Amino acid sequence: MNTPVIEARRLRKTFSLQSSHILKRNLFSAVQDVSFAIYPGETFGIVGESGCGKSTIAKMLMCLERPTSGEFLFNGTRIDHMPESERRALRPHFQMVFQDSGTTLNPRKSIGDLLREPMLYHRIPTPRGIDARIDELLSDVGLSRQVRNRYPHEFSGGQRQRICIARALSVNPDLIVLDEPVSALDVSVQAQILNLLDELQKKNSLTYLFISHGLGAVRYISHRIAVMYRGQFVETGPCEAIFAHPAHPYTRALIDAAPSVNTSAQTRSRLMMSGEIGNDTPEGVCPLIGRCPLAGNTCRNGIHQLSPVPGDPDHESACMRALEAVHD
């Protein structure tokens, strides 16, 4: 099997929160023992509600946040504790596209300068010249070479996101982390950007980590998916397997909340979560217990970790009741 482009092993990130009491701090686990691997040429999607820890994972992989514990490897080399002086040489190989293109592009620089700077800083070779490479990048993302002298404020949100994608491509990365890249765009523009990402992946053999709270976007572009809730992966597996046979109540509720994503959901009763996400679940209790209509005594004890779904070893769920039901 190929070496993963990126591999995370039991990643955990804990933040210290100031409480109302003087000098007292509470610990908040944004990411808890998350493990996954992304292989060359594939898209791994992470989906979940806002605040579940998706973007924290992205920041750790981009070395913008240091894990509290655990490790991650890039092309087989551990880099989470690597000194920045050594890691700098690897940075062109993993790039990120953020949700808000308006705040990630310097408004005082032209599009040409925004694309030129990463190549100059990282000394990326351009056999035909840097200007020719800029024209090629603009063409790849569906923009004319004439836009190189214009500024970010002159473009629509979709066009700015195309520029952000071109800037990520400028350093020839192995991995691109896409953090909610289409959630701020109109539906028709979302489809255009997703199609563009798909075309670029096939053309350049790119590997993506795609983060979103939108099931439609994740299903369209991802090969494998992890469903995340309160810092944990509660279900992982091939995209179509998860949408056709969700093995965790939270996954099922997400799919049922967007019936157009999966027409098979119309043939069964819809599962609805109650209440809001909380952070007060005792240790050893399923984190979904306060919201799940299927919760029972089993959910109050035991180890709630990912386990293979019977009959499909590539599909895993952290719901003990769902797995027991399959066995029965």
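Predicted model: local features only at pLDDT ≥ 70, side-chain atom pairs only at ≥ 80, totals over all residues.
Biologist: At what angle do helix 4 and helix 6 pack, and how far apart are their axes?

Modeller: Helix 4 covers residues 111–121 and helix 6 covers residues 157–169. They pack at an angle of about 25°, and their axes are 8 Å apart.

Biologist: Are helix 4 and helix 6 roughly parallel or roughly antiparallel?

Modeller: Angles under 35 degrees count as roughly parallel. Helix 4 and helix 6 are therefore roughly parallel to each other.

Biologist: Is the crossing of helix 4 and helix 6 left-handed or right-handed?

Modeller: The crossing of these two helices is right-handed.

Biologist: Which residues meet where helix 4 faces helix 6?

Modeller: Helix 4 contributes Ile111, Leu114, Leu115 and Pro118. From helix 6 come Ile163, Ala166 and Arg167. Sorted by class, the contact has 6 nonpolar residues, 1 charged residue and no polar ones.

Biologist: Now to charges. How many salt bridges does the structure hold?

Modeller: A salt bridge is read from a distance: a side-chain nitrogen of Lys or Arg lies within 4 Å of a carboxyl oxygen of Asp or Glu. The structure holds 24 of them.

Biologist: Which residue pairs with Glu117, and is Glu117 buried or partly exposed?

Modeller: The side chain of Glu117 meets that of Lys109 in a salt bridge, at 2.9 Å from N to O. Glu117 is partly exposed, with a relative accessible area of 38%. Lys109, at 27% relative accessibility, also counts as partly exposed.

Biologist: What is the distance between the side chains of Arg91 and Glu84?

Modeller: Those two side chains form a salt bridge at 3.0 Å, N to O. Glu84 counts as partly exposed, at 30% relative accessibility.

Biologist: Where in the structure are Glu136 and Arg133, and how many residues apart are they?

Modeller: Both are in helix 5, which spans residues 130–140. They are 3 residues apart, so about one helical turn separates them.

Biologist: Is Arg133 buried or exposed?

Modeller: Buried means under 20% relative accessible area. Arg133 has 16%, so Arg133 is buried.

Biologist: Which residues are linked in a network of salt bridges?

Modeller: One such network links Asp113, Arg116, Asp131, Asp135, Arg145 and Arg148.

Notes: Residues numbered from 1 in each chain as written. Heavy atoms only, no water. Axes fitted to C-alpha atoms, helices over the stretch in contact; angles between N-to-C directions. Helix = DSSP H or I, 4+ residues; strand = E, 2+ residues; numbered from the N terminus. Parallel < 35°, antiparallel > 145°, perpendicular 65-115°, else oblique. Left-handed = near helix turned anticlockwise from the far one by under 90°. Contact = heavy atoms within 4.5 Å. Nonpolar A, V, L, I, M, F, W, Y, C, P; charged D, E, K, R; others polar. Buried < 20%, exposed > 50% of the residue type's maximum accessible area, 1.4 Å probe, protein only.
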